[in-house]
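Please view the sequence and the model before reading the points.

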4 protein chains.
Amino acid sequence: MYKLASKSVAERSIVRVGSAAFGDGGFVMIAGPCAVEGRAQIASTAEFVERCGAQMLRGGAYKPRTSPYAFQGLGEEGVGMIARASAQSGLPAVVEALAESQLSVLCEHVAMIQIGARNMQNFALLRAAARTHKPILLKRSASATLDELLYAAEYVLLEGNPNIVLCERGVRGFDPQTRNLFDIGGALRLKELTHLPVIADPSHATGRRTLVEPLVLAAAAAGLDGAIVEVHPDPGAALSDAEQSLDFAGFERLMSRLDAMVRPQFSLAACR
Amino acid sequence: MYKLASKSVAERSIVRVGSAAFGDGGFVMIAGPCAVEGRAQIASTAEFVERCGAQMLRGGAYKPRTSPYAFQGLGEEGVGMIARASAQSGLPAVVEALAESQLSVLCEHVAMIQIGARNMQNFALLRAAARTHKPILLKRSASATLDELLYAAEYVLLEGNPNIVLCERGVRGFDPQTRNLFDIGGALRLKELTHLPVIADPSHATGRRTLVEPLVLAAAAAGLDGAIVEVHPDPGAALSDAEQSLDFAGFERLMSRLDAMVRPQFSLAACR
Amino acid sequence: MYKLASKSVAERSIVRVGSAAFGDGGFVMIAGPCAVEGRAQIASTAEFVERCGAQMLRGGAYKPRTSPYAFQGLGEEGVGMIARASAQSGLPAVVEALAESQLSVLCEHVAMIQIGARNMQNFALLRAAARTHKPILLKRSASATLDELLYAAEYVLLEGNPNIVLCERGVRGFDPQTRNLFDIGGALRLKELTHLPVIADPSHATGRRTLVEPLVLAAAAAGLDGAIVEVHPDPGAALSDAEQSLDFAGFERLMSRLDAMVRPQFSLAACR
Amino acid sequence: MYKLASKSVAERSIVRVGSAAFGDGGFVMIAGPCAVEGRAQIASTAEFVERCGAQMLRGGAYKPRTSPYAFQGLGEEGVGMIARASAQSGLPAVVEALAESQLSVLCEHVAMIQIGARNMQNFALLRAAARTHKPILLKRSASATLDELLYAAEYVLLEGNPNIVLCERGVRGFDPQTRNLFDIGGALRLKELTHLPVIADPSHATGRRTLVEPLVLAAAAAGLDGAIVEVHPDPGAALSDAEQSLDFAGFERLMSRLDAMVRPQFSLAACR
């Protein structure tokens with residue numbers, strides 16, 4: 001059985017990335033484009049989501065694409081662009097690593113390293129990422145049980161890196177009406193099994209822009225620790241994940257509704 | 001393609017059962033035991049959940065049990081008991097029908113007829129239940145696509161019965177940590193496809209008492225039309241579904257949190 | 001736990017339907033159209049599949065259709081047609097029952113009653129069908145565990161009807177490349193858990209004509225007790241399941257390959 | 001869409017690894033322990049499976065284990081041991097790579113490199129493995145669609161390495177009766193979509209020793225290009241996958257039955 005990831009170690013862990021704190025009872029919003037596509041795109045998005053209240057910036061530089069013919073990301077150049085947008089907006093950034101060779105550049109330029117769903121059991125990468133001592137955003141693979149996800153976290157913890165945030169991003173479902181099946185029950189059960197913070201990724205979980213807002217509200221109401229959502233200045237022109245990205249107006253509305261809901265929620269949480 | 005169930009017919013339908021209204025922007029709570037086990041049990045539960053703000057009463061008389069050796073319900077006697085509890089508490093009751101032969105008794109005594117997940121495609125039963133002209137609570141089967149659920153609703157609508165409430169109660173998942181996988185994304189997508197109200201059943205969806213409250217809050221925050229939850233005076237002694245039933249204290253806490261959350265939510269909904 | 005369906009009762013049961021024997025080490029082929037569409041269609045199919053070596057005839061009269069707008073079968077008239085084709089060809093027929101009200105007609109005219117996947121947990125129908133004392137072909141529902149299927153069989157056995165043949169017809173999968181996911185491993189595991197015969201339905205399991213022959217051969221090689229396949233004189237004109245029905249030439253080829261393979265297989269089976 | 005993996009390029013490819021030829025109409029058996037555990041274990045297994053007619057040897061040196069506390073393989077030392085057993089038995093060996101850093105050692109010592117299910121979309125590893133120009137055994141991940149598997153193959157093909165064998169090893173199922181759900185229908189559909197050879201791994205697909213033989217026979221009867229099975233001198237003492245490994249007697253029986261079945265099958269295949 002996993003040990004370091006279990007509740008026997010602690011009731012809850014708080015993972016801090018810059019001024020964002022996962023697991024302290026608040027709800028952290030991470031926002032940004034699926035992929036960094038250019039200097040202006042990531043800079044304007046960072047500035048906008050910061051203004052709306054997001055606490056972290058996301059944006060892929062190395063993209064794990066099912067098809068080798070799809071846009072693969074801007075690579076190191078993209079890392080530089082999101083690093084600059086992060087500095088200008090003051091939002092710490094999270095960027096996915098696909099290979100050990102990308103870790104040193106990421107370490108130098110971003111605040112948090114993401115291990116994506118496809119690499120959840122790429123144990124060599126997990127160990128190497130852990131050893132950077134950067135906080136890790138670890139996504140659940142599309143067919144991982146909760147135990148398998150916690151064992152993957154255990155690989156990171158065993159390297160001496162305690163800063164892991166888990167992310168539910170949808171499991172493989174049977175109905176093409178949604179891209180994946182958002183397992184909110186599993187995410188909540190996870191919080192009973194581990195002290196690590198757990199956030200939601202409704203963009204990848206559903207693949208539908210219109211479902212992102214209600215699922216972020218659901219995640220907050222249910223007591224998850226945050227959400228990561230895709231925001232793009234012009235979703236129709238996005239090089240990847242166009243159907244699931246919010247535009248600026250959509251993100252602004254989401255944040256104002258979240259804000260209205262979370263305030264009384266906080267007071268409820270206090271009385272638990 | 002289904003026609004009468006689609007948005008082309010109406011933007012939204014309101015289904016009224018006594019004073020409860022599904023689909024009017026509010027959040028209807030249905031509560032009660034998995035099965036009617038005795039006069040005192042159902043009466044005390046009805047009285048308690050009514051006091052906490054529930055708008056409808058649930059309780060099985062004919063139980064669809066995987067095993068023929070499990071408690072099969074009190075049958076017609078159980079219908080009489082829940083009818084009396086319904087009358088005393090003022091809460092309209094919903095009871096599941098497993099066979100056409102049970103419909104006349106149910107019609108006489110209860111306000112709403114449930115077609116369970118196992119019978120979602122029992123088309124003979126669907127048609128016969130529809131022809132009673134009672135409101136129908138139609139549960140999604142564990143492996144039904146949204147289209148299949150809407151086609152099942154279409155069978156009811158074609159009999160001239162427009163009063164259908166759909167219910168997401170979890171789809172078959174691969175992780176035994178939860179009994180089923182609560183497809184909140186699918187439930188929300190459903191509301192984009194149909195005008196019919198959609199509610200959540202977190203008790204059956206997760207099989208875990210501790211996950212019921214956060215998932216009801218999630219369903220309300222996301223904009224679903226209600227929830228149906230299992231409540232028992234003494235869950236440890238329940239003849240079925242002991243692990244997922246709330247006790248009275250748990251239900252009271254859920255209702256107070258829901259109440260705290262729904263009020264500002266309502267004002268948000270109003271401005272949509 | 002189920003009792004009467006378990007190996008503790010017997011190592012294997014043989015279920016006889018006319019001259020066909022399921023579970024005696026041989027491989028029984030059931031063939032015919034998805035639905036009876038007319039006198040000539042069912043008569044010519046019966047005659048042809050009999051000539052190729054099929055031991056039973058299939059054909060739906062009451063069709064469980066996802067959509068109420070799809071062809072629902074010829075009903076009682078269809079039962080009469082398949083009964084006549086059965087008599088003329090000498091092949092005992094199996095026809096699905098969707099409702100208790102259809103059982104008396106079926107009992108009078110056909111040799112075996114099918115309970116389809118959608119009704120696997122329609123316990124009222126299971127019990128009523130069992131009490132006809134006709135042999136029952138019980139299909140696994142698309143999301144049933146093996147235990148759930150065996151419990152459904154237990155409902156039949158408890159009514160005093162020992163003549164049950166189980167059928168794997170595909171579980172719900174996530175890849176639309178096949179209509180369902182043919183669980184051959186589950187079907188084989190079933191034979192370790194129960195004494196009841198187990199057959200395969202590769203037509204519904206895959207929804208693809210081209211995969212029927214290799215899967216029948218696979219089922220025979222693996223030691224299942226038979227297969228049920230859809231055959232139509234003119235699949236392109238079929239009123240249902242056109243994509244998965246074999247034409248006569250395809251069925252003839254399948255039977256000759258099966259014949260070539262099963263002969264040495266038989267001698268192997270003998271030495272087990 | 002994938003291009004190089006599609007049928008538009010070729011009707012079928014033959015992949016040769018030593019004297020074994022995948023895709024030429026024959027059925028290639030790969031056998032050996034889950035993990036190399038010691039010199040004697042791998043040597044005796046290699047000698048035995050060769051004597052029974054296996055054409056390739058398998059054995060893990062770097063093991064991808066869900067738990068960090070489980071046996072992780074003998075690493076480079078294990079590679080040396082299987083290389084020696086391969087030389088002595090004359091069977092070419094396939095060993096899994098978990099990281100780019102392992103590729104040079106593997107290239108030097110083994111005939112074929114396996115990319116496991118967990119790394120099917122580890123695109124950095126896929127590309128690096130492709131560039132070794134060794135034949136690649138690419139396993140389908142537990143929740144990959146056939147398209148996703150073929151896109152993963154496309155990553156390899158685009159590096160100029162045409163020698164890929166695909167392997168179905170079970171998808172994530174919902175019934176714990178089998179470890180995974182062996183998707184034989186998907187494997188057969190794959191052969192309609194691509195020219196690449198497709199083999200079966202019934203050991204991982206089912207996790208049950210007793211189901212390995214019937215599923216190998218099924219795979220051969222259905223026309224797949226081979227199978228990879230786990231064989232251990234003393235399965236009860238195996239450091240991993242004890243429940244699904246055949247012992248020597250079990251493998252010998254499997255091979256004699258396969259032999260009896262494949263011979264007439266071959267003549268059938270010839271007349272296609």
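**Note on a strand and a chain contact**

1. A:C167 stands opposite A:I199 in β9(A). Strand β9 (residues 198–200) of chain A pairs with β8(A) in the parallel sense over three bridges, where pairing requires that DSSP find at least two bridges between two strands. Helices (H or I, at least four residues) and strands (E, at least two) are DSSP runs, numbered from the N terminus.

2. This is a predicted model, in which local features need pLDDT of at least 70 and side-chain atom pairs count only at pLDDT 80 or more, while totals for chains, interfaces and linings use all residues. Residues are numbered from 1 along each chain as its sequence is written, and chains are lettered from A and ligands numbered from 1 in the order in which they are written.

3. Strand β7 (residues 136–139) of chain A runs parallel to β8(A), joined by four bridges. Within this pair, A:L137 stands opposite A:V165.

4. Is β8(A) enclosed or open? Five of the five residues of β8(A) (residues 164–168) are buried, so the strand is largely enclosed by the rest of the structure. A residue is buried if 20 or more other C-beta atoms, placed from the backbone, lie within 10 Å of its own.

5. The contact takes 34 residues from chain A and 34 residues from chain B; two residues are in contact if their C-beta atoms, placed from the backbone, lie within 7 Å. On the side of chain A that touches chain B, α8(A) gives the most, with seven residues.

Conventions: Buried ≥ 20, exposed ≤ 12 C-beta atoms within 10 Å, placed from the backbone.
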